[in-house]
Structures are given as C-alpha cells and as structure tokens.
Amino acid sequence: MNTEEVNIPKQERKLSEKIFSIATSVLLAIAILFCGTVMYQIKTHGYVTIFGCSVFRVVSESMGDTMPAGSLIISQKTDIESIKEGDIISFFSRESYMAGQIITHRVTEIKDRDGELLLVTRGDANNSVDGFYVTKENFIGKIIVILRPEGFITTLYSILTNEIGFFSVVIVPVIILVTVIMQENIKKITKEIKAIKQEINEAERENEEEKLREELRQKLKKEILAEIEAENGEKESNEETPNEADSREAEK
C-alpha cells in the first residue's frame, strides 16, 4: 500500500474540516454582530440604519397613492442642506400626541431662520401642513426608494420582520451555528483527550517495558556472576598446592 495515497485523503479531510470550522465561526460572528447592531440601533435611535440607509414601512394613507399604507420605503441619510422642495423625507414628529414617531412627508417649503434651515412638510393626501418644522435635530433622511405593498420584496420583508420570521431567519440560524461550532469544538477536545490518553498509555507501556528489560538485565547479570563464581570454584578445587604434591610423592 502506498503511504502517500493514504495520507492525501486525510490531509484533504483535515483541510476541509478546518475551512468549515472557520466559515461557521465567521458566519456566527456576522450573525451576532448583526443582531447586536440591530438591537443597539433600535434602542438608541428607534430605527435601524445600515450603510446610511434605513427601511421603514408606511402605516397610514397620509401620502395617498404616492406611498400607500403597507409600502416599503428606504431613507438615505444625507445633509439637510441638500433637501429641495418636492423631496420626500423621513423625520421624527414633534406633535405632542405622537412625539418621537417617524413620519414620512413631502417638503413643501424651505425657510431660513438665522442660518438654520426649517423644512415645511405635508402629506400628499393631507389638507394642511404639519404643525412643526423639520430641522437638523429631528431630520432622518431622504426617501430614495418606494416599494409598493403588493411587491415581492415588500411581502418578503413583512414575513422576515414579524416575530416568527425574525426567529426563523435570525435566531434559528444562530442557534444552528452555535450548535455546529460547539459540536466541532467538542469533537476537537475529545480527539485531544484521546491523544493525551494514548500518549500516557504509550509512556506507561514504555516504562513497563523498560522495567522488564532492567529486570532481565539484572537477572542475566546475576546468572552470569553465579556461573563465573561456579567456574572459579571448580578451578580452585582442581588445582593442587605444592605441599599436597610433595606429600603425595613421599607416600609413593
């Protein structure tokens, strides 16, 4: 069997697992960042702005057929000085009964009071202008896109922005990504634990083998020493001293 043929699939599998882990981590980070950005902007501004654009839904008929209720509009953040008469803008209401609510009406007149621009606005279907000026403080942006209520994008947006849609599109994917990443991390930790256990077992086995080898060496050493002592004893018993040889000669 060719070793290279076995190692290549393993390397490719490890590379694909690493790429998948990085991709899921990036997607999770993006999802968390998106959710955090949305929540922060809603809490601080009352609406969400991405790259200077905000999406609003028309809830009244004040703009008539120009923007029927249910329409989807995109407001782009811009300088109030660039606004002209006839532009449709979004702004915060200053009426006591609806203070802070977002309104989208058409600019009918522009005034200048001591260098400060004052925008007069009115809904196309309304008979009178709004009872307050739009200034830099309550100005949001200029409407650049109007999508009719019956359009596909408007319908899709309606689905995604309700509680069920938001849960399905944002929360569920985040949960899935977290689960996948946790599974990958658990697998990785499990592999590391197995590798550590294997190293410990191998080290213990090596120690036991080394201990057995040492015991064998000691045993062989003792046996060799015993044999050497036995041989020396035999030699000593076989050798005659001079006195023994003389006495044996005298007896003859």
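**Note on salt bridges, a buried charge and surface patches**

1. The count of salt bridges comes to 7, where a salt bridge is a side-chain nitrogen of Lys or Arg within 4 Å of a carboxyl oxygen of Asp or Glu. The structure is a predicted model, in which local features need pLDDT of at least 70 and side-chain atom pairs count only at pLDDT 80 or more, while totals for chains, interfaces and linings use all residues. Residues are numbered from 1 along each chain as its sequence is written, and side-chain values use heavy atoms, with hydrogens and water left out.

2. The secondary structure of the chain consists of 4 helices and 7 strands, these being DSSP runs numbered from the N terminus (helices are H or I with at least four residues, strands are E with at least two). Along the sequence, the elements follow the pattern α-β-β-β-β-β-β-β-α-α-α. The chain has 252 residues, of which 21% count as buried; buried means under 20% relative accessible area, exposed means over 50%, and partly exposed lies in between (1.4 Å probe, protein chains only).

3. One of the salt bridges joins the side chains of Arg-148 and Asp-65, with 3.3 Å from N to O. This pair links distant parts of the chain, 83 residues apart, since Arg-148 lies in the loop between S7 and helix H2 (152-161) and Asp-65 in the loop between strand S2 (53-57) and strand S3 (72-76). Arg-148 is partly exposed, because its relative accessible area is 32%, whereas Asp-65 counts as exposed because its relative accessibility is 62%.

4. Another salt bridge is formed by Arg-113 and Glu-116, whose closest N and O atoms are 3.7 Å apart. Arg-113 is partly exposed at a relative accessible area of 45%, and Glu-116 is partly exposed at 30%.

5. In helix H3, Arg-217 and Glu-214 lie 3 residues apart, about one turn of the helix, and their side chains meet in a salt bridge of 2.5 Å, N to O. Arg-217 is partly exposed with a relative accessible area of 42%, and Glu-214 counts as partly exposed at 32% relative accessibility. Both residues belong to a network of salt bridges that links Glu-210, Arg-213, Glu-214 and Arg-217.

6. A case to examine with care is Asp-130, found in the loop between strand S6 (116-122) and strand S7 (139-147). Asp-130 is buried yet has no salt bridge, and the nearest side chain of opposite charge, Arg-122, is 8.2 Å away. The side chain of Asp-130 is, however, joined to that of Thr-121 by a polar contact of 2.4 Å, a polar contact being a pair of N or O atoms within 3.5 Å; within protein, one atom must be able to donate a hydrogen and the other to accept it, and residues adjacent in sequence count only if both atoms are side-chain atoms.

7. A nonpolar surface patch of about 370 Å² is made by Ile-22, Val-26, Leu-27 and Ile-30. Patches are made of residues with over 30% relative accessible area and no salt bridge, with like charges joined within 9 Å and nonpolar side chains (Val, Leu, Ile, Met, Phe, Trp, Tyr) joined within 5 Å. Accessible areas come from the Shrake-Rupley method with a 1.4 Å probe, and for residues only the protein chains shown count as cover.

8. A negative surface patch is formed by Glu-199, Glu-202, Glu-204, Glu-206, Glu-208 and Glu-209. For charges, Lys and Arg count as positive and Asp and Glu as negative, while His and the chain ends are not counted; the place of a charge is taken as NZ of Lys, CZ of Arg, CG of Asp or CD of Glu. Glu-209 is located in helix H3 (residues 163-238) and counts as partly exposed, because its relative accessibility is 36%.
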